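Subject: Structure handover and notes

Hello,

Here is the structure I said I would pass on. Please keep it open while you read the notes under it.

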Amino acid sequence: LRSGATTVGEAGVNHFADIGLRELNHKGVVDVPDVVAAGYHIRTHPADDYFLDFPQDVDLLGGVHGTDNVRLMVREMASRGVNRIKVMATERAGLPDTDPRIRIFNDEELAAIVDEANKAGLWTVAHAHGDEGAAAAVRAGVHCIEHGTYLSDDTLRLMKQKGVYLDPTVTATVDLTDPEGEYDDPVLQIRGRSMLPIAREMVGRAWKMGIKIVAGTDTTYFDKNNRTMADEIIELAGDGLPPMDAIKAGTSVSAEELGVDKRTGSIRAGYEADFVIVGRNPLEDIRHIADVLMVVNNGRLALNRMNVAPRP
């Protein structure tokens, strides 16, 4: 929130801390952002903590395979009140023993995940670096592809046809390359240096094709790297988006993708008063977007670096 993110789309956390933050925000707590919650990832091997929340699912300790099991995980998430479902369609980039290009779930499993989510009135976002897994997720009906590093033109055209959003999280790939970053692993630094130019080129192609691009970070705030939403907006502007469109990727278009655009994401009469004040015009230099002087959250002052008392 101090960096200017008044609403966040969470994509994987233990013990439903995302729902707790969401409910605090909705009850008027001013110093936490609103959260669009996903709970646990749907993946072949759930986080160990998943079984503390769902001990009745002990049979999944051996792995989540088949349509019945993936549907079960989706129903468990829905039972806790998540806003959306997150599925791992490819392996992760942030682990040295995984390959982000490798697909995970098959067509039937992905279709079952999306279908079960739809039955609960939820949409699905897919973690997918590799093109095969991403294309399969798009065919299954996901709402958004997160990362998309290796997307082909064919997959991007399919996304455009189906209205699927792209959340490239380029700053997370930047973080892989950083010896002082969150991951701090030489294998991942080599991987990040390979992936970064590919990811940046993919964003430029996606933008030219008319894909709706949103700004996501996928990194820890105020830890080692201190990479925030502003960094992703700056990155997108450097990868081909005009400055105003890069800003929209982190505001109005993100709100649309998160399903909250009827109440926030833009400054309009009747909307929640969620906005930031920056020191200089970011349309003149997009880097000014990082100079957050004031944050207003749900109409209340959450941060004031201006040393000016606001009017009542």
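Predicted model: local features only at pLDDT ≥ 70, side-chain atom pairs only at ≥ 80, totals over all residues.

Residues are numbered from 1 along each chain as its sequence is written, and side-chain values use heavy atoms, with hydrogens and water left out.

Salt bridges

The structure holds 22 salt bridges. The term means a side-chain nitrogen of Lys or Arg within 4 Å of a carboxyl oxygen of Asp or Glu. One of them joins Glu116 to Arg75, with 3.7 Å between the closest N and O atoms. Glu116 is in helix H4 (residues 107-119) and Arg75 is in helix H3 (residues 67-79), so this pair ties together parts that are 41 residues apart in sequence. Helices and strands here are DSSP runs (H or I, at least four residues, for helices; E, at least two, for strands), numbered from the N terminus.

Are the two partners buried or exposed? Glu116 is buried, with a relative accessible area of 10%, whereas Arg75 is partly exposed at 41%. Buried means under 20% relative accessible area, exposed means over 50%, and partly exposed is in between (1.4 Å probe, protein chains only).

A second salt bridge links Glu257 and Arg84, whose closest N and O atoms are 3.8 Å apart. Glu257 belongs to helix H11 (residues 252-258) and Arg84 to strand S3 (residues 84-88), so the pair ties together parts that are 173 residues apart in sequence. Glu257 is buried, with a relative accessible area of 5%, and Arg84 also counts as buried, at 2%.

Glu272 is partly exposed at 27%; Arg263 is partly exposed at 29%. Salt bridges that share partners also join Arg71, Arg75, Asp115, Glu116 and Lys119 into one network.

A helix pair

Two packed helices are described by the angle between their axes and the distance between the axes. At what angle do the axes of H6 and H8 cross? The axes of helix H6 (residues 153-162) and helix H8 (residues 186-209) cross at roughly 40° and come within 10 Å. Axes are lines fitted to C-alpha atoms, for helices over the stretch in contact, and angles run from 0 to 180 degrees between N-to-C directions. H6 is therefore oblique to H8; angles under 35 degrees count as roughly parallel, over 145 as roughly antiparallel, 65 to 115 as roughly perpendicular and the rest as oblique.

Two loop residues

His15 is not a glycine, yet its phi is positive, about 60°. His15 sits in the loop between strand S1 (7-9) and helix H1 (17-26), and is partly exposed, with a relative accessible area of 40%.

Asn298, also a residue other than glycine, has a positive phi near 55°. Its loop runs between strand S8 (292-297) and strand S9 (300-304), and Asn298 counts as partly exposed at 30% relative accessibility.

A surface patch

Ile267, Phe275, Ile277 and Met306 make a nonpolar surface patch of about 350 Å². Patches are made of residues with over 30% relative accessible area and no salt bridge, with like charges joined within 9 Å and nonpolar side chains (Val, Leu, Ile, Met, Phe, Trp, Tyr) within 5 Å. Accessible areas come from the Shrake-Rupley method with a 1.4 Å probe; for residues, only the protein chains shown count as cover. Phe275 lies in strand S7 (residues 275-278).

Regards
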